[in-house]
Amino acid sequence: MSTTNKKVVIIGGGITGITAAYYLQKEIDKKGLPIDFTLIEATHRLGGKIQTVNRGGFTIERGPDSFLARKLSMSKLIKEVGLDHQLVHNSTGKSYVLVKDALHRIPEGAVMGIPTQISPFVTTGLFSPVGKLRAAADFIIPRTKVEGDQALGTFFRRRLGDEVVENLIEPLLSGIYAGDIDRLSLKSTFPQFLHAEQKHRSLIVGMKKQKALQPKQTGEQKKKGMFLTLTTGLQSLVETIEDQLSPQSVLKGTRVEHIQKSAEGYTLTLNNGKTMQADSVIVTSPHQAAQSMLSHYEMFEPFRDMPSTSVATIAMAFPEEAIKQDIDGTGFVVSRNSDYTITACTWTHRKWPHTTPKGKVLLRCYVGKAGDEAIVDQSDDEIMRVVLDDLNKIMNIDTTPEFYIVTRWKEAMPQYTVGHQERLEVLNQQLESELAGLYLAGSSYEGLGLPDCIDQGEEAVKKVLKYLK
Ligand code: FAD
């Protein structure tokens, strides 16, 4: 490591941090840049929320299990590191929503719960006749008067009524954000719905038109799902990237505790008492950790109160015979209007057949939602008791699994509440003027999907290189 070289530190070894490290190293090597970098990760492994377990022939994801195929940055990264031969689309199939005690098929043509085909909505038992009529009012209700941000719930309830929101839209959206639809920001989560409404007045018409603009799918394409994963598990991407990073650039098992700007750049204090100097810093840790490292700068105050939801995933391996009522489909989400603790269940053996050996079944349930997270702190045995009780009522499963894996994700789902984008813009402006060369990236800021994190990691590298020029 040269002492005349510029020094970059990337904090956090989740997907955002390893992406930043990968693209920074690539630029340094390609252009012979006089830059050294260190990726600092608090735990003893890279990957953050990406964690795969291989057990008894099963491939089990403890955290994320796939990514949206239309967001291209993740497939691009996978191809760059030579893993594209392992990419696989999900198997398509019916998916369901559990309302009260019945599983209802999600009506065909629903985009995040918004109807784009009329007849499946008219015939579904998911909504009452009054609920359907109320949703049809979307055709005549005037556009939203846009004044700043608003909650997703406010927007959808006004357009489609409470019943469609509570029985379909809320459970689907909660599956992504584990959030409270009446607090989540429309602008920071699904701005495309507002655009569709503003352009076409009716949200249903807007989504229909948007769908019609998409290229028609062939029979073969229709069979392919919207999601991709790696047959070797998502952790294989992490391991492949780690193998391609120079080992002296990665420092694991070390936590950054404090960042201080100085005349020379930045001084980072580590939990082992040592310090490290940097000319530029990319902070990819969750906002709680970022805020703590930078708590002496007032600009981070608004992010101190940014909520995050705790959830747990429960993967369960069964023999085929245990599932007496194997429903044809890939899983279900649960409406809040139901007396169940699980919030979703993926029939992983059907959605991702490569994960499960022949003759076996793999189910993955979620528990924990905004405002109702106490279950996550229960013991594994108690969580399993509650989950199996729910599954017994819904799917008639009354045997214990061959094995199960409970994974708790404490305060792991950042909530982009109303005004998030404005708060972020103010913070970024203050960073630029007071802490030039320090950049924030990752799931707390501009999207929590894996491809969004990859985009942010890549973008942060561009900013660093521009700053150091
Ligand atoms: P993280 O993965 O949280 O990484 C941050 C890293 O920073 C961690 O390794 C942490 O140890 C480290 N760190 C923290 N503090 C410090 C410090 N002081 N010093 C040094 N290091 C520090 N997204 C999808 O696209 N598809 C899915 O299917 C999906 N499913 C999900 C399921 C679950 C249960 C969860 C929790 C999330 C899911 N997500 C999914 C979201 C996605 O997984 C995350 O948004 C993404 O992985 C976050 O990556 P990150 O790099 O921003 O943060």
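The centres of domain 1 and domain 3, taken over C-alpha atoms, are separated by 35 Å. The model is predicted.

**Domain layout**
- The domain assignment places residues 6–44, 244–306 and 416–468 of the protein chain in domain 1.
- Domain 2 is assigned to residues 109–215, and domain 3 to residues 308–414.

**Ligand shell**

**Polar contacts and cover**
- Lys49 places a polar side-chain atom 2.7 Å from an oxygen atom of the ligand.
- Ser66 has a backbone N or O atom 2.7 Å from a nitrogen atom of the ligand.
- A polar backbone atom of Ser443 lies 3.0 Å from an oxygen atom of the ligand.
- On its own, the ligand has 1,000 Å² of accessible area, and the protein covers 89% of that area.

**Helix H1**
- Helix H1 covers residues 15–31, and its 17 residues should span 24 Å at 1.5 Å a residue; the end C-alpha atoms are 24 Å apart, so the two values agree.
- Of the 17 residues of H1, 13 are buried, and the helix is thus mostly covered.
- Gly32 follows H1 and has a positive phi, near 60°.

Notes: Residues numbered from 1 in each chain as written. Predicted model: local features only at pLDDT ≥ 70, side-chain atom pairs only at ≥ 80, totals over all residues. Heavy atoms only, no water. Helix = DSSP H or I, 4+ residues; strand = E, 2+ residues; numbered from the N terminus. Expected span 1.5 Å × (residues − 1). Buried < 20%, exposed > 50% of the residue type's maximum accessible area, 1.4 Å probe, protein only. Domains from an automatic or database assignment. Polar contact = N/O pair within 3.5 Å; in protein donor to acceptor, adjacent residues only side chain to side chain. Areas by Shrake-Rupley, 256 points an atom, 1.4 Å probe, with all protein chains shown as cover.
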